[in-house]
Amino acid sequence: MLLDKYITPTEITAEEAGLDGETFSQKLHEIQAEIYIRLGLSFGYFGRNSSLCNHELTQYFYQQLYKNGFIEEREINLVYSLEYERFLPDRYIVETCPHCRYGSARGDECENCTTLLDLTDLIEPCSVISGDLRLEVRKTKHLFLKLKALSEESRV
């Protein structure tokens, strides 16, 4: 079991607590470890995604997937904050849903009409962090698993 300090909800909660991601993640890891001990639970490995072991294992799997043609690079559109000079995850963006006009839709889903959204679909998006409207859509390259190819491979 791994605790991930890089996912958006962790980052948002850390900011709300006035902590950096590393400190918040360490505190959460300690709390969870104590809970599992009190419940009498154990894991073969209870670590963190920042560990050397996880880094080496991740690199091994990536290299195997890449070598066998299961990874491809694609361009996608993401929202960039001019204020923070960084791309914003979907939960860092809110505004008006293009489907039901709900005024507090998140970048990934409208809680009002439950429509899944692309964060570039929102009307007049703004940053959750500061309310800043100086956002722009930019193309960026990312690596993707070829899930269909992996699925076909598993049937052989």
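A residue is called buried when its relative accessible area is under 20%, exposed when it is over 50%, and partly exposed in between (1.4 Å probe, protein chains only). The model is predicted, so local features need pLDDT of at least 70 and side-chain atom pairs count only at pLDDT 80 or more, while totals for chains, interfaces and linings use all residues. Residues are numbered from 1 along each chain as its sequence is written, and side-chain values use heavy atoms, with hydrogens and water left out. Helices (H or I, at least four residues) and strands (E, at least two) are DSSP runs numbered from the N terminus.

**Helix 2**
- Phe24, Ser25, His29 and Tyr36 are the buried residues of helix 2.
- Seen down the helix axis, these buried residues fall within an arc of 135°, so they line one face; the arc is that of the directions from the axis to the C-beta atoms.
- Ile37 and Arg38 are exposed on the other side of helix 2.
- Glycine 40, with a positive phi near 75°, follows helix 2.

- Strand 3 (residues 71–81) pairs with strand 8 (residues 135–145) in the antiparallel sense over 11 bridges, pairing being defined as at least two bridges found by DSSP.
- Asparagine 77 has lysine 139 of strand 8 as its bridge partner.
- Strand 4 (residues 86–87) runs antiparallel to strand 3 and is joined to it by two bridges, with phenylalanine 87 opposite tyrosine 80.

**Sheet 6-5-7**
- Three strands in the order 6-5-7 form an open sheet with antiparallel pairing.
- Strand 6 (105–106) and strand 7 (123–127) each have a single partner strand, so one side of each is left without a neighbour in the sheet.
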